[in-house]
Every structure is written in C-alpha cells, then in structure tokens.
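Q: I'm new to this one and would like to learn how to read it. Could we go through it together, feature by feature?

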Amino acid sequence: MAKIDTSKIEGYANMTPEQKLAALEGFEYEDNAAELEKQKNALSKANSEAAEWKRKHNALLSEEEKKKQEDADKLAQMEQELADLRKGKTVSEYKAKFVAQGYDEALAEETAKALADGDSAKVFANQSKFLEEYAKKVKADAIKKTPKPGAGAGSGSGTEGAVDYGKKIEEAQKNGDITAVAYYTRLKAQAEAEAQGE
C-alpha cells in the first residue's frame with residue numbers, strides 16, 4: 001500500500017503533533033484504484049475475446065490445413081530433437097577429451113556443456129579449478145615420492161653427522177619453498193618417531 005509523501009505537505013516538519021494529525025487527515029491524493037480495476041477488467045475481456053476467436057478459427061480450419069499444421073509441428077519437434085542429439089554428441093566428445101586430460105567426471109561434464117554452449121567464461125573458470133587441483137596433486141605426489149631418511153639420520157639432537165631439520169625448515173620458509181618445508185617437516189617427524197622407538 002502506498003504511503004503518504006509528507007514532503008508534499010508544506011511545513012510538515014515544523015508542525016506540532018496535533019497539526020501534523022490535522023494535516024494528514026486533510027491530505028488528498030490521487031486514488032487510482034478505480035482506473036486500475038477498469039484496466040484489469042478490460043484486459044480480462046480482451047483475453048476472453050482472443051481465446052474465443054482462436055477457438056472459432058481452429059473450428060473453421062479445414063482438415064487439410066489441420067494436417068499441414070500437424071506436419072509443421074512434427075517437423076519442428078524433429079528438428080529440435082536432432083539439435084539436442086547433436087549437442088549431446090558434441091558434449092560427450094568434449095567430455096571425453098577433458099577426462100583424458102585428467103579432469104574428474106563432474107568437472108569434465110560441466111566444462112563440456114559450457115564449451116558446447118559457447119560459455120567461454122565458465123570454460124576458463126573450470127580450467128583454473130582443474131589447474132589448481134592438478135598443482136596440489138603434483139605437489140602431494142612429489143612429497144610421497146621423497147626418499148625416507150637413511151638409518152642413523154637424526155633430528156639434530158647431538159648425533160654426529162645428523163641433519164638439523166629445524167634449520168632446513170627455516171631456510172625453506174625464508175625462500176618460500178613450500179615443497180621443501182613439507183619435505184623437511186616429514187623427515188624431522190620420522191627422525192623423532194624413530195628416536196622415540198629406540
């Protein structure tokens with residue numbers, strides 16, 4: 001429901017509450033409810049008349065015209081189905097290529113649909129996701145493949161020839177080498193575990 005615009009009442013802000021009440025009670029505004037109802041009724045009548053004309057028109061169509069219309073509808077439906085099949089085939093081909101590159105099934109499907117639809121922004125966004133995940137996987141694989149420390153390697157606790165992993169970790173952090181930090185942290189943990197087990 002519309003509110004009264006008090007800025008249209010001269011001096012409203014400086015009035016006492018009693019004066020404001022009197023000003024509001026005497027305020028007149030345009031009421032368009034009757035016009036709106038009239039427009040709604042006219043629209044409803046026009047819709048009814050259009051439906052009636054369509055019904056009369058369809059009743060007057062000859063059998064041949066009906067047949068032509070049915071054939072045109074069937075042709076349009078077949079063309080739509082063919083377009084859907086072609087798009088589905090294209091998406092499947094794209095998806096297979098993305099999966100072959102290492103994408104997971106869901107991301108490959110989403111990216112293939114975006115590529116078929118011409119949504120390059122989505123394709124590039126998904127490619128960024130894939131590259132981030134791939135980089136994480138490569139780093140994780142590199143850490144898994146790092147050799148275990150040989151027998152006698154310690155944590156720098158005083159054994160002669162032992163590597164000071166704490167110092168190595170600090171150096172790697174200063175250099176910003178996250179892979180080396182993870183590597184030396186793992187070696188340090190293993191050395192400490194072996195020292196406790198002895």
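Q: Which residues does Lys188 touch, not counting residues up to four places away in sequence?
A: Touching, or contact, means heavy atoms within 4.5 Å. Here Lys188 touches Tyr165, Gly166 and Ile169. Keep in mind that this is a predicted model: local features need pLDDT of at least 70, side-chain atom pairs count only at pLDDT 80 or more, and totals for chains, interfaces and linings use all residues. Residues are numbered from 1 along each chain as its sequence is written, and side-chain values use heavy atoms, with hydrogens and water left out.

Q: Where is Lys188 found?
A: Helices are DSSP runs of H or I with at least four residues, strands are runs of E with at least two, and both are numbered from the N terminus. Lys188 is found in helix H7, residues 178–197. Asp164 is 24 residues from Lys188 in sequence, and their C-alpha atoms are 8.5 Å apart in space.

Q: Why is Lys188 called partly exposed?
A: Buried means under 20% relative accessible area, exposed means over 50%, and partly exposed is in between (1.4 Å probe, protein chains only). Lys188 has a relative accessible area of 28%, so it counts as partly exposed. Of the protein's 198 residues, 13% count as buried.

Q: How many helices and strands does the protein have?
A: The secondary structure comes to seven helices and zero strands.

Q: Which residues make up the largest nonpolar core?
A: In soluble globular proteins, nonpolar side chains tend to be buried together. A nonpolar core is a set of buried Ala, Val, Leu, Ile, Met, Phe, Trp, Tyr and Cys residues joined through side-chain atoms within 4.5 Å. The largest one here has seven residues: Val91, Phe98, Tyr103, Leu107, Ala108, Ala112 and Phe130. As for Phe130, its contacts are Gln101, Gly102, Tyr103 and Leu107, leaving aside residues up to four places away in sequence.

Q: At what angle do H3 and H4 pack?
A: Axes are lines fitted to C-alpha atoms, for helices over the stretch in contact, and angles run from 0 to 180 degrees between N-to-C directions. H3 and H4 pack at about 130°, with their axes 8 Å apart. Under 35 degrees is roughly parallel, over 145 roughly antiparallel, 65 to 115 roughly perpendicular and the rest oblique. H3 and H4 are therefore oblique to each other. Residues making the contact include Tyr94 of H3 and Glu109 of H4.
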